[in-house]
Amino acid sequence: MKPTSQLPVTILGLGIMGSGMARRLLSATFPLTVYNRNREKCLPMAADGAFIAGTPREAASRSKIVLSMVADDAASRSVWLCEEGALAGASRNSVLIECSTLSVDWIRELAAAATASGCQFLDAPVTGSKPQAVSGELLFLVGGSAEAIDTARPAFSAMGRDVIHLGPTGSGALMKLINNFLCGVQAASFAEGLALIDAAGLDRAKAMAILAGGAPGSGIVKRVAERVTAVDFNPNFALRWMAKDLAYAIEGASGKGVALPVAKAALATFQKAIAEGYGDEDFSAVTKLPGRRTGS
């Protein structure tokens with residue numbers, strides 16, 4: 001790897017998002033350590049100069065900035081707090097960053113553990129999916145201290161288009177859940193609209209163009225319509241992860257005395273789609289529930 005003045009960074013988790021983020025750091029000449037449960041996913045990064053760690057603990061010991069991008073609370077707990085977890089290897093004053101979309105309760109528990117170990121902690125989930133991770137156009141929604149953000153800013157800049165500091169620990173996690181439950185509700189409602197379009201015998205292509213081009217045409221509606229038209233459900237963001245985020249949002253809102261009945265209805269729709277076998281497809285596959293045809 002070329003000589004660089006950049007702080008060394010570790011990425012834990014090389015799924016769809018983590019691998020794109022790792023590529024961005026490598027292209028910006030950050031000394032990079034990677035860890036993934038399936039070591040095979042790390043090999044392409046090693047060919048470009050990344051160090052492959054055998055455990056999260058070893059990975060964290062090599063860097064001042066340690067970033068996790070994993071599936072859910074359970075995966076995050078394992079990668080940070082297991083016997084060979086990253087927290088055990090992190091040096092004092094390291095900046096630990098959880099970029100996964102997780103529950104606010106778990107984020108606060110993890111932040112407390114990081115603080116007890118003498119580390120700084122940021123919750124920094126992102127908006128965007130695979131294309132934005134690859135192109136470095138992610139938006140980081142961050143909770144934590146301004147000092148820690150300043151330390152991590154060069155790495156954030158390599159991976160994303162902006163960093164929004166939303167407040168203390170948990171603020172980024174909560175904002176991401178709000179963002180995603182709104183996305184899930186829109187996708188589920190579009191699926192219902194599509195079912196009605198088909199049942200009524202309306203011209204599907206014309207109807208979807210009206211919806212996507214008119215007042216309902218949010219970015220999510222446009223994205224789902226494009227996927228349905230192309231009959232392309234390869235995952236940029238898996239359907240089961242949308243269900244997970246809806247569930248975390250409902251749980252977090254309940255803790256604050258706020259009911260999310262529309263989000264609960266959307267979650268039921270996504271859970272039905274998972275039961276029908278669509279969980280590993282893109283979340284737009286919610287339109288494939290029985291009675292909802294895909295394609296023309």
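Contact here means heavy atoms within 4.5 Å. This is a predicted model, so to speak for local features pLDDT must be at least 70, side-chain atom pairs count only at pLDDT 80 or more, and totals for chains, interfaces and linings use all residues. Residues are numbered from 1 along each chain as its sequence is written, and side-chain values use heavy atoms, with hydrogens and water left out.

First, the fold. The protein has 13 helices and 9 strands, taken as DSSP runs numbered from the N terminus (helices H or I, at least four residues; strands E, at least two).

Helix α4, residues 73–81, packs against helix α6, residues 104–116, at an angle of about 5°, and their axes are 11 Å apart. Axes are lines fitted to C-alpha atoms, for helices over the stretch in contact, with angles from 0 to 180 degrees between N-to-C directions. That makes α4 roughly parallel to α6, a term for angles under 35 degrees.

Which residues of α4 meet α6? Asp73, Ser76, Arg77, Trp80 and Leu81 do, and on the α6 side they meet Trp106, Glu109, Leu110 and Ala113.

Last, overall size. The C-alpha atoms fill a box of roughly 65 × 45 × 30 Å along the principal axes.

How values were computed:
Angles under 35 degrees count as roughly parallel, over 145 as roughly antiparallel, 65 to 115 as roughly perpendicular and the rest as oblique.
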